[in-house]
Amino acid sequence: MTLTQDNAETVALRCLGWLAGNEDLLPVFMGATGVSEADMRENAQDVEFLGSVLDFILMDDAWVVQCCSALGIGNDMPMRARAALPGGQQVNWT
């Protein structure tokens, strides 16, 4: 089942909240993306920014498991949410 964009945005916002509260991972995200805490607050409603949050979390299976466990959602939800947001369509290289 595919998520609607609204549902995907909700999942991404919850993941952003988890990331913002993660003292170990937040500095890694901020360093990798160059965003400040003010930028994060400002862009929390921007679907492209939310997609980048999911892209970051999806880079490491351990991060996905930690996030999903903390949020009480299935481990497939960040990937499904990413697919439902702009730019998240799977690339077919053939």
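A nonpolar core is a set of buried Ala, Val, Leu, Ile, Met, Phe, Trp, Tyr and Cys residues joined through side-chain atoms within 4.5 Å. In this predicted model, the largest such core comprises 30 residues.

**Nonpolar core**
- Leu19, Phe29 and Ile57 have the most contacts inside the largest core.
- At least two residues of this core come from each of helix H1 (5–20), helix H2 (26–33), helix H4 (47–57), helix H5 (61–71) and helix H6 (77–84).
- The greatest contribution is that of H1, which provides seven residues.
- Leu19 touches Leu25, Leu26, Phe29, Val53 and Phe56, when residues up to four places away in sequence are not counted.

**Packing of H2 and H4**
- Two packed helices are described by the angle between their axes and the distance between the axes.
- For H2 and H4, the axes come within 11 Å and cross at roughly 120°.
- The crossing in which H2 passes H4 is right-handed.
- On the H2 side, Val28, Phe29 and Ala32 meet Phe49, Ser52, Val53 and Phe56 of H4.
- The residues of this contact comprise six nonpolar, one polar and no charged.

**Position of Gln45**
- Gln45 lies in the loop between helix H3 (37–42) and H4.
- With a relative accessible area of 62%, Gln45 is exposed, since the cut-off for exposed is over 50%.
- Gln45 and Asn7 are 38 residues apart along the chain, and their C-alpha atoms are separated by 13 Å.

Technical notes. Residues numbered from 1 in each chain as written. Predicted model: local features only at pLDDT ≥ 70, side-chain atom pairs only at ≥ 80, totals over all residues. Heavy atoms only, no water. Buried < 20%, exposed > 50% of the residue type's maximum accessible area, 1.4 Å probe, protein only. Helix = DSSP H or I, 4+ residues; strand = E, 2+ residues; numbered from the N terminus. Contact = heavy atoms within 4.5 Å. Axes fitted to C-alpha atoms, helices over the stretch in contact; angles between N-to-C directions. Left-handed = near helix turned anticlockwise from the far one by under 90°. Nonpolar A, V, L, I, M, F, W, Y, C, P; charged D, E, K, R; others polar.
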